[in-house]
Amino acid sequence: MSDIPFRIAATDGAARTGALVFPRGEIRTPAFMPVGTAATVKAMYAGQVRETGADVVLGNVYHLMLRPGAERVAELGGLHRFMNWPHPILTDSGGFQVMSLSGLRKLDKDGVTFKSHIDGSTHRLTPERSVEIQRLLGADVTMQFDECVRLPAPPVEVERAMRLSLAWAERSKAAFGAPTGRALFGIVQGGDVPSLRKASARALVDIGFDGYAIGGLAVGEPQHVMLAMLEETTPELPAARPRYLMGVGSPDDLLKSVARGVDMFDCVMPTRAGRHGQAFTRFGKLNLKNARHADDPRPLDPESPCPAARDYSRAYLHHLVKSGEILGMMLLTWANLDYYQRLMEGARAAIAGGRFADYAAETTEGWAAGDR
């Protein structure tokens, strides 16, 4: 049994709300985890990220092992102290980079040898080394090392990667051991093949993990395929443990996935969009590059508790974006992360009140109506 409690406070259909409890704090679910790939959520202070309502952030093994180095971070007191974030941290095992950097790596059954995108130096990642790096960083949630394939892909290739990921799951668990106050998540693979998804989920449950992630989605397939795979997968996972959909996604993705029993999410979308002049709001997505905002004195949302969304005009934000000013990226990133956290806060309250379907419908109607 895991020593990390997952307390489900309420359910509404397949949607759940609760909390995953760590010594460093609770992760309220459904939860959106801002991505802090290289020990920073881009364009944000750690305190700002916390003030938006984030309980946890994500760091990345691949990037941190290359720079500044896991051993260096450990010597400096761990990732929490290094980035001034005393709350829970989940670390991605590096498996996604195995896919995204395919031109720079060589895969075998034992692990992956790859060249750094920074300086071309050669490195090796195995399940054991990935878990070791995550221990050195001090992660509260460690992810098993896995292989993810981009979709669409031939079923034979999807199955090969799924079987390899299961072998690596067993090795990751053996390397992790039984530390107190930390969790290890297994990762379901299987692409867009329902039978492989089910087989992967069942095998991971047999191995036994503190939580279960659903990987290999939002990697090229349309939304309806992703949702179909969730419907195949989540019933196979233990109701008493958290479910994490990796790398997802848009606000609409989040609501539809919560409705299918997912508890945790991460995605670069809100931060990347903010750096490119786009804002997520209750009125839908706005592109501040558009000339129509040049003379608009309204803020993004006058009712938002976030200063970035409430206290700056769209005309000013348009000016910052068109001028390439760093402040524009900072303000829009702040507004986007705050919106994502408010979306999850609303979902938690709606599930607790037994009205999640109404909340999702009202939210979707707001996006469709816009604010023209």
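# Reading a predicted model: sheets, contacts and annotated sites

Q: In which sense do strand S2 (residues 15–22) and S3 pair, and over how many bridges?

A: Strand S2 (residues 15–22) and S3 pair in the antiparallel sense, over 5 bridges. Two strands are taken to pair if DSSP finds at least two bridges between them. Strands (E, at least two residues) and helices (H or I, at least four) are themselves DSSP runs, numbered from the N terminus. Within this pairing, Leu20 has Ile27 in S3 as its bridge partner.

Q: What should I know about the model and its conventions before going on?

A: This is a predicted model, where local features need pLDDT of at least 70, side-chain atom pairs count only at pLDDT 80 or more, and totals for chains, interfaces and linings use all residues. Residues are numbered from 1 along each chain as its sequence is written, and side-chain values use heavy atoms, with hydrogens and water left out.

Q: Where does UniProt place the feature "binding site"?

A: The unreviewed UniProt entry places it at Asp92, Ser93, Gly94, Gly95, Phe96, Asp146, Gln189 and Gly216. Of these residues, Asp92, Phe96, Asp146, Gln189 and Gly216 are included in the lining of the largest pocket. UniProt positions follow the numbering used here, feature names are shortened, and annotations may be inferred rather than shown by experiment. A pocket is found on a 1 Å grid over the protein atoms alone: it is an open set of points with protein on both sides within 12 Å along at least five of seven lines, and lining residues have an atom within 4 Å of a point.

Q: Is Asp146 buried or exposed?

A: Buried means under 20% relative accessible area, exposed means over 50%, and partly exposed lies in between (1.4 Å probe, protein chains only). Asp146 counts as buried because its relative accessibility is 4%. Phe96, in helix H5 (residues 95–100), counts as partly exposed because its value is 35%.

Q: Which residues does Asp146 touch?

A: Contact means heavy atoms within 4.5 Å. Leaving out residues up to four places away in sequence, Asp146 touches Ser93, Gly95, Ser165, Trp168, Ile187 and Gln189. Asp146 sits in the loop between strand S10 (141–143) and helix H7 (155–176). Its side chain makes a polar contact with the side chain of Gln189 at 2.7 Å. A polar contact is a pair of N or O atoms within 3.5 Å; within protein, one must be able to donate a hydrogen and the other to accept it, and residues adjacent in sequence count only if both atoms are side-chain atoms.

Q: What does the side chain of His318 reach?

A: The side chain of His318 reaches the backbone oxygen of Leu288 at 2.8 Å. His318 belongs to helix H13 (residues 314–323) and is counted as buried because its relative accessibility is 10%. Beyond four places in sequence, its contacts are Leu288, Lys289, Asn290, Ala291, His293 and Ala294.

Q: Which residues of helix H9 are buried, and what do they pack against?

A: In H9 (residues 223–233) they are Val225, Met226, Leu227, Met229, Leu230 and Thr233. The buried residues of H9 pack against strand S11 (183–188), helix H8 (194–207), strand S12 (211–214), strand S13 (243–245) and helix H10 (251–258).

Q: What is the phi of Ala39?

A: Ala39 has a positive phi of about 70° although it is not a glycine. Ala39 lies in the loop between S4 and helix H1 (46–51) and is buried, with a relative accessible area of 13%. Ala43 is in the loop between S4 and H1, with a positive phi near 70°, and counts as partly exposed at 29% relative accessibility.

Definitions and conventions
On a 1 Å grid over the protein atoms alone, a cavity is a set of points where a 1.4 Å probe fits but cannot get out, and a pocket is an open set with protein on both sides within 12 Å along at least five of seven lines; lining residues have an atom within 4 Å of a point.
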